[in-house]
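Me: I'm new to this one and would like to learn how to read it. Could you walk me through a few features?

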Amino acid sequence: MVTPFTCLFISGVLGATPVEIEHHLEMGRKLLAAGQLAEALSHYHSAVEGDSKNYLTYYKRAAVFLAMGKSKSALPDLSQAIQLKPDFLAARLQRGNILLKQGSTQEAREDFQAVLKRSPNHEEAHDQLSKAEELELLQEEAHEAHHRGDYITTVQVLEKVIELSPWDPESRELRAECYIRLGDPRKAIMDLTPATRLRADNRAAFLKLSQLHYSLGDHHDSLNQIRECLKLDQDDKECFAHYKQVKKLSKQLDSAEELISEQRYQEAIEKYESVMRTEPNVAFYTNKAKERICFCLVKMKSAEEALDICSEAHQREPQNIHILRDRAEAYILLQEYEKAVEDYQEAREFDQDNQEIREGLDRAQKLLKQSRKRDYYKILGVSRSANKQEVIKAYRKLAQQWHPDNFQSEADKKEAEKKFIDIASAKEVLTDPEMRQKFDSGEDPLDPENQQGGGGGGSREWPFGFNPFEGGNFHFKFHYN
């Protein structure tokens, strides 16, 4: 398909007339003024091809490149314009400005001095020459500080250097190295990211970026950066070796989280154990694996195992609220409510606004208060994860043991009657899903204080609404259902 732009290029290649060249220059000027940079650039391409000896066409195309933020592309055009017209001061000044921003102080100085030689009173050239000289001194100071191992001073000096030469990759790479040595990889990443664009082939920066992201646990970002390195050279040994490691680990992490989302907790645990084997040397991944295994074990209601792993994870990351939350839930499963409250309170100190933590603390406090009254799990001697069959089995055993008919003295019968009522109440609550859910949330469904309307003065001690042991002498045949 032949587009108008194709025609323009063909016209230029075949040799355009002065009228056509003038038309391209005029169109380029209008489009540049209108901010239509790509279209303007196309016309200037045609003008340059139509007349490769016209210094102005190169200069104007350079102006479009600069407007597009492509200073590296503008530089050859400015140099060509200067070669065609050595006394073209505007091009000299513009090239000097670019070279200064790139950190090339000696070349920049030469351009500013050339302008001042022909125009001694040129104010901008004087100012820029002064900046070039200042930059040169700052660069020397930064390198001396770095050589001494004074990384803080190096960073401080490079702050001024980069302000004067923001397009200089060397200064950014040096500051990134200092940040790494000072233990601030995030700031190193902020310098290396633009540095990758300031060199034509900056595989070293892409590799370093990938390694930094990897060390911080940003495995997706790490994978993206190492792929950029391989785009430049797919046979780069260092980049390819790192790519294989990152890809393998990233796949395992994503797979583990997918298994958790599908509630396949045992498989997720196994996958996170693989993560620790794949990368045993970067603390982030071991810490993350321990945290998520802790979470999975709580979901599986493996309370004692969860408590061990969660405690180990907490030692590694004392301020991780997710670990504190999960350990609190493990304590709840073990009916250690005071410790659950302590963990939730500690988590809340680290994140006051977290709704999940607030709700968890409220529930743990209710369960603690409830446990000081009547704990149906403890009454039957079953865990909070016990199923209905386990509840009924425990109930039958205890009901048989504490049936009042088994006791002779009046005092023993009274004690047995009280225990028997509690056992029956526990069975009623824990075998009814709705009542059990209320109890697990910290509310006793048989507590008169929680009853709405609470008839009979709110004294409901016998769960079925009457006390079969009332009236002294009784003979009660009990069916253990």
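Me: Which helix gives the largest share of the negative patch?

Reply: Keep in mind that this is a predicted model. The largest share, three residues, comes from helix 17. The patch of negative charge sits on the surface and gathers Glu270, Glu273, Glu304, Glu305 and Asp308. Two elements, helix 15 (265-278) and helix 17 (303-316), each give two or more residues to the patch.

Me: Is Asp308 buried or exposed?

Reply: Exposed means over 50% relative accessible area. Asp308, which has its place in helix 17, is exposed because its relative accessible area is 57%.

Me: How do I read the faces of a helix, and which residues of helix 24 are buried?

Reply: Here's the general idea: an α-helix has 3.6 residues a turn, so residues three or four places apart point the same way. In helix 24 (residues 433-440), the buried residues are Met435, Arg436 and Phe439. Look down the axis and they fall within an arc of 100°, so they line one face of the helix. Turned away from that buried side are the exposed residues Pro433, Glu434 and Gln437.

Me: What about salt bridges: which residue does Arg374 pair with?

Reply: Look for a side-chain nitrogen of Lys or Arg within 4 Å of a carboxyl oxygen of Asp or Glu. Arg374 pairs with Asp422, and their closest N and O atoms are 3.5 Å apart. Arg374 is in the loop between helix 20 (355-371) and helix 21 (376-380), while Asp422 is in helix 23 (residues 410-430), so the bridge ties together parts 48 residues apart in sequence. Arg374 counts as buried at 18% relative accessibility, and Asp422 is buried too, at 19%.

Methods:
Residues numbered from 1 in each chain as written. Predicted model: local features only at pLDDT ≥ 70, side-chain atom pairs only at ≥ 80, totals over all residues. Heavy atoms only, no water. Patch = residues over 30% accessible without salt bridge, like charges linked within 9 Å, V, L, I, M, F, W, Y side chains within 5 Å. Areas by Shrake-Rupley, 256 points an atom, 1.4 Å probe, with all protein chains shown as cover. Lys, Arg positive; Asp, Glu negative; His and termini not counted. Charge placed at Lys NZ, Arg CZ, Asp CG, Glu CD. Helix = DSSP H or I, 4+ residues; strand = E, 2+ residues; numbered from the N terminus. Buried < 20%, exposed > 50% of the residue type's maximum accessible area, 1.4 Å probe, protein only. Arc of directions from axis to C-beta.
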